[in-house]
Amino acid sequence: MAVYKMTPTKANLMKAKNFLEFSKKGYDLLDKKRTVLIREMMALIDEANKVQEEISEGFKEAYDRLKYTNITMGSETVEEIAMSLEKEEEFEILFKSVMGVEIPYIKYEERPFFTEYGFFRTNPTFDMAVLNFIKIRYLVYRLAEIENSVYKLAVEIKKTQKRANALEKIQIPKYTREIKFIQEVLEEKEREDFFRMKKVKEKKY
């Protein structure tokens with residue numbers, strides 16, 4: 001398969017050099033962007049593992065307390081009181097930019113817990129279980145933020161890697177070859193012109 005080469009002129013040589021410089025700068029920028037995105041993603045993955053661990057521990061503690069509460073208060077009473085608890089708090093999903101990538105964060109107000117049931121009907125274990133589940137709710141918000149952010153960053157890293165590879169493996173070598181080809185042709189032409197002029201002078205004298 002024939003490889004297309006630019007016409008070997010000084011104008012095209014300058015053009016190829018400009019394209020090469022632009023491609024190298026583009027690659028450097030993409031490489032820096034990729035490094036920042038990977039660092040950000042790895043930090044989020046570490047945080048996700050910690051949050052997931054907190055959630056697991058929180059659920060275990062909450063269900064242990066709930067199990068004891070069901071035994072001491074009766075499951076029907078527990079279910080009845082649980083139905084009277086405040087439902088999901090309002091939250092808003094917003095976005096922030098990391099190297100041009102829009103990643104989500106959940107805006108919510110962490111309010112103090114107020115009981116909507118009489119203490120005479122419950123015991124401290126029930127109250128502690130409720131507090132456990134409220135804490136887990138906020139942890140789930142954070143985990144949702146992280147997991148969505150990691151996904152978006154991973155997609156962008158893949159795109160950035162693809163663009164960087166195209167510059168490194170295709171564009172930069174292509175313009176490097178073009179420059180070499182044009183320079184060699186122009187140098188050969190200059191030598192030919194030099195010898196031609198020399199011959200002309202020799203004939204004159």
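Buried means under 20% relative accessible area, exposed means over 50%, and partly exposed lies in between, with a 1.4 Å probe and protein chains only. By that rule tyrosine 63, at 45%, is partly exposed.

This is a predicted model: local features need pLDDT of at least 70, side-chain atom pairs count only at pLDDT 80 or more, and totals for chains, interfaces and linings use all residues. Residues are numbered from 1 along each chain as its sequence is written, and side-chain values use heavy atoms, without hydrogens and water.

A search of the whole structure finds five aromatic pairs. Rings of Phe, Tyr and Trp (its six-membered ring) pair if their centres lie within 6.5 Å; planes under 30 degrees apart count as stacked, over 60 as edge-to-face and the rest as tilted. Two of the pairs are tabulated here.

| Pair | Centre to centre | Angle between planes | Class |
|---|---|---|---|
| Phenylalanine 19 and tyrosine 175 | 5.2 Å | 35 degrees | tilted |
| Tyrosine 63 and phenylalanine 133 | 5.5 Å | 80 degrees | edge-to-face |

Tyrosine 175 is buried, at 10% relative accessible area. Phenylalanine 19 is partly exposed, at 36%.

Phenylalanine 133 is partly exposed, at 28% relative accessibility. Ring pairs also bring in Phe59, which forms a cluster with Tyr63 and Phe133.
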